[in-house]
Amino acid sequence: MPKSLTGKVTRSEVAKAAGTSVAVVSYVINNGPRPVAEATRQRVLEAIKATGYRPNAAARALASGNTKTFGLVVPNIGNPFVASMAHVLLQESMNHGHVMLLGDAGDDRKRELELIQGLLNRQVDGLFYNSVDRHPYIDLIKASGTPLVMLERVEPQPGVNMLRVNERQAAWQVTAHLLSHGYQQVGIISGPVDMLNAQDRIQGWRDAMQDRGLPIDESLMFPASYTPQGGYAAAQTMIARGRVPRALFTSNEGQAIGALRAFSEHQIRVPQDVALVCFNGTNHSSFHVPTLTTVRQPLREMARSAIHMLKEGQSEAQLKEFPHYLEIGESCGCEPQSQS
């Protein structure tokens, strides 16, 4: 069958092969808006297959105002927790017929802005966003009219949907778990102190100490980036200062991995010498030696809610809080939970 001047099969050619009109071909491709008799529909589908016709997704998006794409901007996909969240968001987007465009800022604020502008220019149907620092480009996104779901703690404001776990309460729980072992001294490797989630985790650590009537030793707080390198450097600092606590709360899994490495280099055993718990563990937590006691988040449920928020649009901002749970490993000194 001859093709158009562009070399692409057109709907007119499909209609001619099927013995029907271009409008009927469009109804079959778009599943409406008018019904098509089953026999005619089958003829059109066979003609599409025979001609090798491929619908123009860009043209359909312009016509419908729906690109069937979501955007995701994250600070660094190398973070195992961020990668786990991206994975479930991708899977849930596909379940809803959307493609996910991933933007990895590489911990670079300028690159983050470029990624957001690029996704907005592509007219994505919605944007999931976890910023590099405490200054997310929310106003830019709101001005575009693009539905937005923040995947981190930000100050509540109109038009901004947000998913979150009560990180202050979760930090209280893991610190209280260490104290329940009888330890009187719990240190913390926090995130950067100007970040809201780091402030929540620090406050939860303080709350647990105060609830037990224990003094808060600020010299046992070691701010660091949310990376293995950050955890490693923080542990090396506490070792150099002679301030290694009997129990330690690290603010994410990456920091815990780095701290374990530093302790191993100095023959400091976990949990025999330092009991350790961490925040935002992933499926990798149970494969470390020792296995990590960690706070886990219900990522699949959170991803489903995030998709639902975007598909509802921005008529009214939503805030949804999810329960966390403590997964017991060997690093705190407990008998680990069995792995199914």
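In what order do the six strands of the open sheet with mixed pairing stand? I looked this up in a predicted model, where local features need pLDDT of at least 70, side-chain atom pairs count only at pLDDT 80 or more, and totals for chains, interfaces and linings use all residues. I number residues from 1 along each chain as its sequence is written, and the side-chain values use heavy atoms, with hydrogens and water left out.

**Entry 1, the mixed sheet**

I read the order as S7-S6-S8-S9-S10-S12, where helices (H or I, at least four residues) and strands (E, at least two) are DSSP runs numbered from the N terminus, and two strands pair if DSSP finds at least two bridges between them. S7 and strand S12 (325-327) are the edges, and each has a single partner strand, so one side of each is left without a neighbour in the sheet. On average, neighbouring strands of this sheet are turned by 20 degrees against each other, direction ignored; axes here are lines fitted to C-alpha atoms, for helices over the stretch in contact, and angles run from 0 to 180 degrees between N-to-C directions. Inside the sheet I found S8 and S9 paired in the parallel sense over four bridges, with Phe-249 opposite Val-277 in S9. H9 packs on this sheet and touches S6, S7 and S8 (contact means heavy atoms within 4.5 Å), its direction making about 175 degrees with that of S6. Helix H11 (residues 253-265) packs on the sheet as well, touching S6, S8 and S9, at about 155 degrees to the direction of S9.

I then followed H9 (residues 196-211), which has 16 residues and reaches 22 Å from its first C-alpha to its last, close to the 22 Å expected at 1.5 Å a residue; the expected span is 1.5 Å times one less than the number of residues. Among its buried residues I noted Ile-202, Trp-205 and Met-209, buried being under 20% relative accessible area, exposed over 50% and partly exposed in between, with a 1.4 Å probe and protein chains only. The cover over the buried residues of H9 includes helix H8 (167-180), strand S6 (186-190), strand S7 (221-223) and strand S8 (247-250). After H9 comes Gly-213, whose phi is positive, near 70 degrees.

Is Cys-278 buried or exposed? I find Cys-278 in strand S9 (residues 275-278), and Cys-278 counts as buried because its relative accessibility is 0%. Leaving aside residues up to four places away in sequence, Cys-278 touches several residues, including Phe-249, Thr-250, Ala-256 and Leu-292.

Strand S1 (residues 69-74) and strand S2 (residues 99-104) pair over six bridges in the parallel sense, and Met-100 in S2 is the bridge partner of Phe-70. Strand S3 (residues 127-129) and strand S4 (residues 148-150) pair in the parallel sense over three bridges, with Val-149 in S4 as the partner of Phe-128.
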